[in-house]
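Here is a short report on a protein model. Look over the sequence and the structure first, then read on.

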Amino acid sequence: MDNFKVEDLEIKISGTGSDFQMKWSGRSESRNPGEILNPYLDGLMKSLSGKKLTVDYCSLEYMNSSTVPPIIRFVKNCDTNNIETTINYKKDSEWQSASFKPLQTVCTLLKKVKVIGI
Amino acid sequence: MKARIQVEVSPVWGVINETKSKIKGLMLEDGASQGMADFTEIVVSELLENAIKYGYENNFLPYVSVKFDLTDTSVTVKVSNGIREDDNLDGFKKIMQKIETTENKESLYIERLMEIMENPDAKGSQFGLYRIVSECGFNLSFTAENHVLEVIAIRNF
């Protein structure tokens, strides 16, 4: 599985067997992040199907509101593809708590996805 | 704390980063908390993004104006841009009306997230204004007159 680097946003994916880690870092502030994020994230689904995935947003420094739909699309696809997904955010960061707590609420509708502040 | 910036910028994407970085840096230098500086960065960015995406250069305002004012008791961000009477402006007014008439701003934010969950491929997140009031805790108001829209975000400490 390939890593992702466009402008100031980087996504690194690692792991073997049934356990994978995805780490987001930098800043997502392009005009239409979905244009570049959706094809990349969709492309991972086949390889991750049925596996465990931890998504780490703790090193993400900034995201604009246009980044939210690709993230939601991604977590919904993880749920649909039976990927047991844990999303971690940095609870000491005020902006991350404010951004990811609502996602935590929405993700209670999904069976395979949980969102945790660490 | 006391800081003030007023800039007139071209409506191009590249100015967003420069403007918000300048304001955030000024806030941190002036003793604002990291959290407040981060929230203000989000507010500046979301308002500027909207101005650039949906605004129009016209004879009344051929640029985007950003005013930032930090005092001991509040932070204020005002972003102005040229407008036309069109669907974008109607959509903006509807969202603002929803914000003004809803006591629990977080419920609007969650509702919008649910809509995105239902249809993540819909065009335009239409999410920035909800983010400003719910995530960042700013109050929003606006004026739309003489072909100019001014959006005002204020947070009291």
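The model is predicted.

## The nonpolar core

W24(A) belongs to the largest nonpolar core, which has 87 residues. Within this core, W24(A) and M22(A) touch the most other members. Chain B takes part too: its helix α2 (residues 34-54) gives the core ten residues, the largest share.

## The interface of chain A and chain B

The two chains bury about 2,500 Å² between them. Carbon and sulfur atoms carry 59% of that area. R31(A), Y62(A) and S65(A) supply 24% of what chain A buries against chain B, more than any other three residues. The contact draws on 24 residues of chain A and 27 residues of chain B.

Polar links cross the interface as well. Eleven residue pairs are in polar contact, both partners at pLDDT 80 or more. On the side of chain A that touches chain B, β4 (52-63), α2 (68-80) and α3 (94-107) each supply at least two residues. The largest share comes from α3(A), with eight residues. By type, this side of chain A holds twelve nonpolar, six polar and six charged residues.

## Salt bridges

Two salt bridges are counted between chain A and chain B. In one salt bridge, the side chain of K20(B) meets that of E29(A) at 2.6 Å, N to O.

Conventions
Residues are numbered from 1 along each chain as its sequence is written. Chains are lettered from A and ligands numbered from 1 in the order in which they are written. This is a predicted model: local features need pLDDT of at least 70, side-chain atom pairs count only at pLDDT 80 or more; totals for chains, interfaces and linings use all residues. Side-chain values use heavy atoms; hydrogens and water are left out. A nonpolar core is a set of buried Ala, Val, Leu, Ile, Met, Phe, Trp, Tyr and Cys residues joined through side-chain atoms within 4.5 Å. Buried means under 20% relative accessible area, exposed over 50%, partly exposed in between (1.4 Å probe, protein chains only). Helices (H or I, at least four residues) and strands (E, at least two) are DSSP runs, numbered from the N terminus. Contact means heavy atoms within 4.5 Å. Buried area is the accessible area (1.4 Å probe) that two parts lose on being put together, summed over both. A salt bridge is a side-chain nitrogen of Lys or Arg within 4 Å of a carboxyl oxygen of Asp or Glu. A polar contact is a pair of N or O atoms within 3.5 Å; within protein, one must be able to donate a hydrogen and the other to accept it, and residues adjacent in sequence count only if both atoms are side-chain atoms. Ala, Val, Leu, Ile, Met, Phe, Trp, Tyr, Cys and Pro count as nonpolar, Asp, Glu, Lys and Arg as charged, and the others, Gly among them, as polar.
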